[in-house]
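Here is a short briefing to read alongside the structure on your screen.

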Amino acid sequence: MCFPHRALSSLLSLYYFFSPCCKMEIENETICSSGSSSGGSREYKVVMLGAGGVGKSAMTMQFISHRFPDYHDPTIEDAYKTQVRIDDEPAYLDILDTAGQAEFTAMRDQYMRGGEGFIICYSVTDRQSFQEAAGFKELIYQVRHTYDIPLVLVGNKIDLEQARQVSTEEGLSLAREYTCAFFETSAALRFYVDDVFYGLVREIRKKESMPSLMGKQLKRKDSLWRKLKGSLKKKRENMT
Ligand SMILES: Nc1nc2c(ncn2[C@@H]2O[C@H](COP(=O)(O)OP(=O)(O)O)[C@@H](O)[C@H]2O)c(=O)[nH]1
Ligand SMILES: [Mg+2]
């Protein structure tokens, strides 16, 4: 594989951040400001969204185990856990790597409801995947009835600069529309992978610090997430 380092070096400084405007809509669901915890660390429920083949699994694997898989079954939908320190605070990330077309999966509503933050991925080499990314916020809204959800937008595969179909400006413009952080990444080269997950945790923490949401309950979200994990387990058992 050829990696155009010169083109990449100009992209290496890319990190865009748009502060979510302080919408005062309260979610239909209850959210707890303290969240659930695992072994003393705050647990963050993260959902990877995006068209098939954009690199959701590769990014998750790189983040969790610093490895770029040769092959990852595109139909496998699974959850991964890891503990990291972000801004000097421990964080326990529970990452759901979705597969298939989110619009049609039976589990979609469950993970849209249970997730605390979403990473919306597209590939910079695939315009169709960018168009799909533009629809995800609306899908989340249909389930959550608020736009005030922690999000990060990710344009992956920047190592394939020669095959680029989506410009940085277009990604930036969608992130502005979403009022969310934006990163261009390469899961293959592990460029900006940590920044994506750290950025999302920072978004969730920022949202929690908003007084309007203090004191709410996370119990419902926890039980939804547990139910979702149960469905995933059942699906895996049926496959074997
Ligand atoms: N060149 C390049 N290939 C990538 C990158 N990320 C993923 N891929 C490849 O794209 C294909 C789909 O990746 P995968 O993680 O399975 O996509 P998913 O369907 O979104 O989970 C695989 O062949 C990966 O090796 C990347 O950053 N650069
Ligand atoms: Mg996958």
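Which residues in α2 meet which residues in α6? From α2 come M59, T60, Q62 and F63, and they meet V193, D194, F197 and Y198 of α6. Please keep in mind that this is a predicted model.

**Overall layout**
- Starting at the N terminus, the elements follow the order α-β-β-α-β-β-α-β-α-β-α-β-α-α.
- The protein has 240 residues, and 51% of them count as buried.
- Among contacts with a separation of 6 or more, 79% link residues 24 or more positions apart.

**Helix α2 against helix α6**
- Helix α2 covers residues 56-65 and helix α6 covers residues 193-208; their axes come within 9 Å and cross at roughly 90 degrees.
- The two helices, α2 and α6, are therefore roughly perpendicular to each other.
- Sorted by class, the contact of α2 with α6 holds five nonpolar, two polar and one charged residues.

**Helix α4 against helix α5**
- For α4 and α5, the axes come within 10 Å and cross at roughly 10 degrees.
- That crossing makes α4 roughly parallel to α5, because angles under 35 degrees count that way.
- On the α4 side, the contact uses R127, F130, A133, A134, G135, F136 and K137; on the α5 side, it uses E170, G171, L174, E177 and Y178.
- By class, the contact of α4 with α5 divides into six nonpolar, two polar and four charged residues.

- In soluble globular proteins, nonpolar side chains tend to be buried together.
- The largest nonpolar core here has 30 residues, and the members that touch the most others are L49, M112, I120 and L153.
- Two or more residues of this core come from each of β2 (41-50), α3 (108-114), β5 (117-123), α4 (127-144), β6 (151-156), α5 (168-178) and α7 (219-239).
- Helix α4 gives the largest share of this core, six residues.
- Leaving aside residues up to four places away in sequence, I120 touches L49, A133, F136, K137, I140, L151, V152, L153, V154 and Y178.
- Another core, of 26 residues, lies apart from the largest one, and its members include V152, F183, V193 and F197.

**Strands β6 and β7**
- Strands β6 and β7 run parallel and are joined by four bridges.
- L153 stands opposite F182 in β7.
- In a regular strand the side chains alternate between the two faces of the sheet.
- Strand β7 (residues 181-184) points A181 and F183 one way and F182 and E184 the other way.
- Buried or exposed: which describes these four residues of β7? A181, F182, F183 and E184 are all buried.

**A closer look at R202**
- R202 lies in helix α6.
- With a relative accessible area of 36%, R202 is partly exposed, because that class lies between the 20% and 50% cut-offs.
- Not counting residues up to four places away in sequence, R202 touches I86 and D87.
- From C-alpha to C-alpha, R202 and P150 are 9.0 Å apart in space, although 52 residues apart in sequence.

Note on methods:
Residues are numbered from 1 along each chain as its sequence is written. Chains are lettered from A and ligands numbered from 1 in the order in which they are written. This is a predicted model: local features need pLDDT of at least 70, side-chain atom pairs count only at pLDDT 80 or more; totals for chains, interfaces and linings use all residues. Side-chain values use heavy atoms; hydrogens and water are left out. Axes are lines fitted to C-alpha atoms, for helices over the stretch in contact, and angles run from 0 to 180 degrees between N-to-C directions. Angles under 35 degrees count as roughly parallel, over 145 as roughly antiparallel, 65 to 115 as roughly perpendicular and the rest as oblique. Contact means heavy atoms within 4.5 Å. Ala, Val, Leu, Ile, Met, Phe, Trp, Tyr, Cys and Pro count as nonpolar, Asp, Glu, Lys and Arg as charged, and the others, Gly among them, as polar. A nonpolar core is a set of buried Ala, Val, Leu, Ile, Met, Phe, Trp, Tyr and Cys residues joined through side-chain atoms within 4.5 Å. Buried means under 20% relative accessible area, exposed over 50%, partly exposed in between (1.4 Å probe, protein chains only). Two strands pair if DSSP finds at least two bridges between them.
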